[in-house]
Amino acid sequence: MARHKEFDRDEALQKAMEVFWERGYEAASIQDLVGHMGINRQSLYDTFGDKHALYLQALDRYREVEGGKMFELLERPGSVKKALRQLFQSVIEGALCEGQRRGCFIGNAMSELAGRCRETAAKTCGNMAAAEEALHRALLRGKREGEIKGGRDLRAVARFLYSSMQGLQLMAKASPDRKTLEDVLKVTLSVLD
């Protein structure tokens, strides 16, 4: 008779995501994962597959949870410029408050595995495309409402904003200096003027 699982799958996946986000793929051992997830090895393999399959599922979870916060912020009614400032400011605040300075899990995955793992590249590119699309929709709304002026290619601006957000998170991992990060924010958002 099959044994009933005694753990919450989503909660365990969330915990696996935290381990991978903090340590990266290579440095996260199976022991680290099962210890933090609160499950045994067999439950990990039975529920999620191997370490790599778990990692890919953790990337999806990050997009769902962390990406969802970004999408919700950008879709709120009101000032698009204010929403973008809040988005970038939240990156800075997270970097300054966070003890581990772990950056963006998607950005970390891009630099660690995407160049040599087709599945990771596909996941990170999918996340990048979704973020770019959310930024583009917000910029179009800002233009329609007269808040964003000028003849810039808004798709290119969305790509630039995403790239700048990734760069800001990467910088913050090494040097969480508020003035430096806010200088980057100020220049980045000047593209909207």
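A pocket, as I use the word here, is an open set of grid points with protein on both sides within 12 Å along at least five of seven lines. The model I am showing is predicted, and its largest pocket holds about 580 Å³ of space.

Let me start with the lining. It consists of 28 residues. Those nearest the centre of the pocket are Y62, E66, S90, V91 and Q169. Which of them gives the largest share? That is α4, with eight residues. Sorted by class, the lining has 14 nonpolar residues, seven polar ones and seven charged ones.

Now to a helix pair. Two packed helices are described by the angle between their axes and by the distance between those axes. The pair here is α6, residues 105–114, and α7, residues 118–144. They pack at an angle of about 150 degrees, and their axes are 9 Å apart. Angles over 145 degrees count as roughly antiparallel, so α6 and α7 are roughly antiparallel to each other. The crossing of α6 past α7 is left-handed.

Which residues meet? On the α6 side they are I106, A109, M110, L113 and A114. On the α7 side they are T120, A121, T124, N127 and M128. Seven residues of this contact are nonpolar and three are polar, with no charged residue among them.

Terms used
Residues are numbered from 1 along each chain as its sequence is written. This is a predicted model: local features need pLDDT of at least 70, side-chain atom pairs count only at pLDDT 80 or more; totals for chains, interfaces and linings use all residues. Side-chain values use heavy atoms; hydrogens and water are left out. Axes are lines fitted to C-alpha atoms, for helices over the stretch in contact, and angles run from 0 to 180 degrees between N-to-C directions. Helices (H or I, at least four residues) and strands (E, at least two) are DSSP runs, numbered from the N terminus. Angles under 35 degrees count as roughly parallel, over 145 as roughly antiparallel, 65 to 115 as roughly perpendicular and the rest as oblique. A crossing is left-handed if the near helix is turned anticlockwise from the far one by less than a right angle, and right-handed if clockwise. Contact means heavy atoms within 4.5 Å. Ala, Val, Leu, Ile, Met, Phe, Trp, Tyr, Cys and Pro count as nonpolar, Asp, Glu, Lys and Arg as charged, and the others, Gly among them, as polar. On a 1 Å grid over the protein atoms alone, a cavity is a set of points where a 1.4 Å probe fits but cannot get out, and a pocket is an open set with protein on both sides within 12 Å along at least five of seven lines; lining residues have an atom within 4 Å of a point. Grid points are joined across faces, edges and corners, and a volume is the space filled by probe spheres set on the points.
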